[in-house]
Amino acid sequence: LPGSNVLDSRAAARGQVAVTEFVNGVRHLDAIASNVVTVDWDWHAQSIGWATLRDERLWYLGRMRLNLTGLAILAQMIAGHVGVVRGGARKVAVVDLDNTLWGGIVGEVGIEGLALGNEGVGLAFQDFQRELLKWHDSGILLALCSKNNPEDALEVLDKHPGGILRSEHFVAMRINWQDKAENLRAIARELNLSLDSFVFLDDNPVEREWVARALPEVLVPELPKDPVDRPSFLRGASYIQRIDVTSTDRSRSRSYRAANLRAQTRANAASFEGFLDSLEQELEIARLNSGSLARAAQMCQRTNQFNLTTRRYTVGDLEHLMADRNASVFTVAVRDRFEDSGIAGLAILRYRGDRAEIDTFLLSCRVLGRKIEEAFLAFLVESARQGGASFLIGHYVPTAKNKQVESFFPNHGFRTVEEGAFCLNLRAQDRLPVVPPQIRFKSPLRDEE
Amino acid sequence: MRQRLKQLMALTFGVPAREVPDDAAAADFPRWNSLGHLELMMAVEMEFRIQIPSDQMQELSSIGAIEDFVRAQDVAVEA
C-alpha cells in the first residue's frame, strides 16, 4: 500500500520498486496467450484514489481489499473490457463546430474572435481537438455536422492558427442549415456504417435531445456545460475504448477518404465495368498466420453487414482453427489505384468427407460493390475443389444487419437446399463462379500443406 | 423499522421477505456466513446512512441486535 516512512521512491526499504516490478509482471501476463486480456486495475485505482475504494473494516474483518464502490468500479471495468473484446465500441464521432470545436460562433464573431489557442478557455477547446485527434489516430472516424455557412466553417477549420483538426481529418461533412438527425442519416449512408456505431458530440442540449429522440441508436453523451471540463470528459469515454490499435485502425480515416475519390471516379466513368477496370484492383489471398491473427479476429467481431454467418471468433478461436487440419482460414487483402486497404476479408472452409462448408465469409464494408466478393468466392470454390471436395455448402444466418447478403449464395450459382443452406456441385465445372476480369490476384496462393 | 431490516435481509440473502422470521438470526440463513454478514452490515449502513464500528460489527448477528444498534444512533429513523 502507498504511504511509507521511507521517502526515497527508489529505496529498497520503501518497497515501491518491488511493487512496481510485480505490477509490471502482471501487466505482461497477456503475453501468455493471445486470448488473455489484462485489466490494468492498478493504474485505474491510482487515478481514482485508493481512499475511496477501500474500507479498512472490510479488510480486517473479511480480508476484502475493496469496498462496495471499489467492487462496483472494478466490475464495470471488467465489463468494459469484455464489451470491447466483443466489439461494442463506437466507430464514428460526429461533431459540431461552434462552441464545440472552438469557443464562439464564427458567423457572429468572425475567425479572429473565436476562442481557440494555447491560453485560457481557448486551450480547453484546443485540448478538446487534441483528444479527438487521438480518437482519429486510433481508428475512430470523425465527421462534421454543423449549422453554418460552409465557407466560414472551412476557413476556420483550415486556417485558424490554434486549430489542431483540419478538414483532412474528417471523412464526411454536413455543414448546412438542415436537421441534424437527417444529416447524421446521410453520413451513415455515405460511410455505409450503421447509426448504432455513431457518437454525436454537440454543446447544444436542444440539438442533442433532437438527435437522441430521432435516432435512439446514436450515442449522445451529455457534454459538460463548461468547456474546461470537456477534454477530460473525452478522455474518460469508455464507448470508444479498444484493446489495441492495429495499423488498419491508424489508416482507417485515410481509406474512407479514398472511398470518396473512388465514388467521384465512378460518377465520371461511362460504365460500371469501365470504372472497375480503372480501379486496377488487386487481391492478395493468404492463409491466416500469426501476423494477421489480430486483424482477423477484429473483423470477426466488428463486421456486421457483409457477414454470412456472423460467428464472432476471438483470437483464441481462430488459433484453434489455424491448427485444425480440416479447416482452412483465408484472409484477403485489397489494393487499388487509390489505396492499400490491407486485410479486408476473411473466409473459413471446413472439410467434412466430400463436402466443404463455408463456415465464415465476411468482407469489410469498405471494399463492397467492386466485385471483390465474387473474386473471393471464386477463389474459395477453387480452393475447395483442390482440397478434394465435391460439394461446397454455404450458410446464411440472418441477423438484424446482414440482409444484403441473404441471396449471396443463390446469386452465385448455389442451389437452395433448405432455408439458409445452399449447395454448389463442384463437379459441374462450367457453372462455377469465376473471377471477374477486372480483378487480378497477386502471387497465387501456394499450399504448403 | 423491523420491516425494513427484514427487507434488507431478504435482499442480501436472496430469500422472499415473508420467509424472514421476526427474530431472524445468523442461523436462519445458509448465506448469513462471515461474508454474508459483511454484506448485510454494508447494506444496513447504506440504508440508514450510518457507520458501524468494527468492534460492533461482529456482535450484530441478529435482527434484534441490529435494530437496537440502529436506534441508538443519533439519526431519524421512522418506525
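Hi everyone, let me start inside the protein: about 30 Å³ of space lies in the largest cavity. By cavity I mean a set of points, on a 1 Å grid over the protein atoms alone, where a 1.4 Å probe fits but cannot get out; the volume is the space filled by probe spheres set on those points. This is a predicted model, with local features needing pLDDT of at least 70 and side-chain atom pairs pLDDT 80 or more, while totals for chains, interfaces and linings use all residues. Residues are numbered from 1 along each chain as its sequence is written, chains are lettered from A in the order in which they are written, and side-chain values use heavy atoms, without hydrogens and water.

So what lines the largest cavity? You'll find A:Arg90, A:Lys91, A:Gly139, A:Arg242, A:Arg252 and A:Arg302 there. That lining divides into 5 charged residues, 1 polar and no nonpolar, with Asp, Glu, Lys and Arg counted as charged and Gly among the polar ones.

Now, on to the interface. Here 11 residues of chain B are in contact (heavy atoms within 4.5 Å) with 7 residues of chain A. The two chains bury about 730 Å² between them, 80% of it on carbon and sulfur atoms; that is accessible area (1.4 Å probe) lost on being put together, summed over both. On chain B's part, B:Leu38, B:Met42 and B:Ser54 supply 59% of the area buried against chain A, more than any other three residues.

Finally, which residue forms a salt bridge with A:Arg57? B:Glu45 does, with the closest N and O atoms 2.3 Å apart; the rule asks for a side-chain nitrogen of Lys or Arg within 4 Å of a carboxyl oxygen of Asp or Glu.

Note on methods: On a 1 Å grid over the protein atoms alone, a cavity is a set of points where a 1.4 Å probe fits but cannot get out, and a pocket is an open set with protein on both sides within 12 Å along at least five of seven lines; lining residues have an atom within 4 Å of a point.
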